[in-house]
Each structure stands twice: as structure tokens, then as C-alpha cells.
Amino acid sequence: MVPAATKTKADVEYQVMLAVLNFHRDYLALHYSRVRIQMIDNVIEVTLAPRRPIPAEQLLAQSPEGRVQLQQMHTAAFRSGEAQLRDRLQGILGIEVQEFFTQLDAETGINTVIIRLAKRLDLVLPPVSSNEFEVKHLA
């Protein structure tokens with residue numbers, strides 16, 4: 001792994017995006033067609049748009065109770081494997097990951113992952129930006 005200080009912001013954004021995307025694909029068996037990443041201070045926000053809706057989830061999302069169940073199930077599944085994602089991200093960033101927050105919009109399927117780091121990114125990396133990636137070739 002190349003030390004974070006020698007990576008460009010685009011390198012790190014792409015590696016973080018792939019780590020989060022691959023975690024969702026490989027561990028949670030979820031597939032996304034668009035990923036947006038923002039890296040600011042000590043926070044990384046990754047927003048994932050689904051490739052196609054899951055019929056059972058669409059049916060559950062029609063009621064408030066069903067939406068809550070979907071969100072709880074998604075959060076529990078994410079939490080069960082977050083140590084894997086934490087290890088991968090810490091290897092990429094060279095910064096301790098302090099905590100994750102994940103939120104599923106049960107009606108749209110859009111998933112947002114917030115990653116809080118122990119240090120500000122601008123202390124370790126060149127200035128950061130906001131990027132959006134199409135991931136059709138990864139689906």
C-alpha cells in the first residue's frame with residue numbers, strides 16, 4: 001500500500017469508494033450503480049444509489065413499520081461486518097476510523113455511509129474534493 005502522504009486526493013477518493021462499494025457488494029450482497037463521495041475535515045460521506053430495486057424491500061417500504069424494519073435490518077447487517085470495512089479503510093487512509101453511521105432511505109434504496117476519522121484528512125492528504133463515480137463496470 002502506498003503511504004497516504006504520497007497519494008493524490010483522487011487516488012484516495014477512488015480507493016475509499018471502491019472499499020465501501022466492495023463491502024456492500026461482497027458482504028451485504030447489495031449492488032449500486034452510482035456512488036458519490038465527499039471527504040471533508042475528518043468526515044467521509046459515501047452515498048450509494050441502487051442498481052435496481054429489490055421487490056421485497058419495495059413492498060416493505062410501503063408502510064412506516066416496514067420502512068423502520070428495513071432500516072433496522074440494514075443497520076444491523078452493516079454493523080455485523082463493519083470491522084472488515086474499518087480495517088480496509090484504515091489501510092488505505094493511514095488514519096484510525098473512529099465510527100461509522102449508515103442510513104438507508106427505505107423508499108429509494110439510497111444508502112449513505114458516514115465515516116468519522118481520528119484525524120483531519122487535510123493533515124495527511126493534499127486538499128480534498130467531492131467526486132461522483134459511475135460504477136456500471138463494477139456491478
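Predicted model: local features only at pLDDT ≥ 70, side-chain atom pairs only at ≥ 80, totals over all residues.
Residues are numbered from 1 along each chain as its sequence is written, and side-chain values use heavy atoms, with hydrogens and water left out.

Let's start with the layout. The protein has three helices and five strands, taken as DSSP runs (H or I of at least four residues for helices, E of at least two for strands) and numbered from the N terminus. Going along the sequence, they come in the order α-β-β-α-α-β-β-β. Of the 139 residues, 37% count as buried; here buried means under 20% relative accessible area, exposed means over 50%, and partly exposed is in between, with a 1.4 Å probe and protein chains only. As for how the chain meets itself, take the contacts (heavy atoms within 4.5 Å) between residues at least 6 apart in sequence: 65% of them join residues at least 24 apart.

Now for the inside. In soluble globular proteins, nonpolar side chains tend to be buried together. A nonpolar core here is a set of buried Ala, Val, Leu, Ile, Met, Phe, Trp, Tyr and Cys residues joined through side-chain atoms within 4.5 Å. The largest one has 30 residues, and Val16, Ile44, Leu89, Leu93 and Ile115 have the most contacts inside it. Two or more residues come from each of α1 (9-26), β1 (32-40), β2 (43-50), α3 (64-93), β3 (97-104) and β4 (111-117). With eight residues, α1 gives the most to this core. Leu89 is a handy place to look around from: beyond its neighbours within four places in sequence, leucine 89 is in contact with Val16, Ala19, Gly94, Val97, Phe100 and Ile115.

Next, the pocket. On a 1 Å grid over the protein atoms alone, a pocket is an open set of points with protein on both sides within 12 Å along at least five of seven lines, and lining residues have an atom within 4 Å of a point. The largest pocket has a volume of about 440 Å³, which is the space filled by probe spheres set on the points, with grid points joined across faces, edges and corners. It is lined by 22 residues, and the closest to its centre are Leu30, Pro50, Arg52, Ile54 and Glu57. The elements giving two or more residues to this lining are α2 (55-60) and α3, and α3 has the largest share, four residues. Sorted by class, the lining has 13 nonpolar, five polar and four charged residues. In that sorting, Ala, Val, Leu, Ile, Met, Phe, Trp, Tyr, Cys and Pro are nonpolar, Asp, Glu, Lys and Arg are charged, and the others, Gly among them, are polar.

On to the charged pairs. A salt bridge is a side-chain nitrogen of Lys or Arg within 4 Å of a carboxyl oxygen of Asp or Glu, and the whole structure has five. One of them joins arginine 25 to aspartate 26, with the closest N and O atoms 2.7 Å apart. Arginine 25 is partly exposed at 28% relative accessible area, while aspartate 26 is exposed at 54%.

Another salt bridge brings together arginine 120 and aspartate 41 (3.1 Å, N to O). This pair links distant parts of the chain, 79 residues apart: arginine 120 is in the loop between β4 and β5 (130-134), and aspartate 41 is in the loop between β1 and β2. Arginine 120 is partly exposed at 37%, and so is aspartate 41 at 36%.

Then there is glutamate 99 with arginine 116, their closest N and O atoms 2.7 Å apart. Here the link runs from strand β3 to strand β4, between residues 17 apart. Glutamate 99 is partly exposed at 39%, as is arginine 116 at 32%. Salt bridges with shared partners also join Arg79, Glu82 and Arg86 into one network.

Finally, the backbone. Aspartate 41 turns up again here, with a positive phi near 55° in a residue other than glycine. Alanine 29 also has a positive phi, about 60°, although it is not a glycine. Alanine 29 is found in the loop between α1 and β1, and at 54% relative accessibility it counts as exposed.

Terms used: 1 Å grid on protein atoms, 1.4 Å probe; cavity = no way out; pocket = protein on both sides within 12 Å on 5 of 7 lines; lining within 4 Å.
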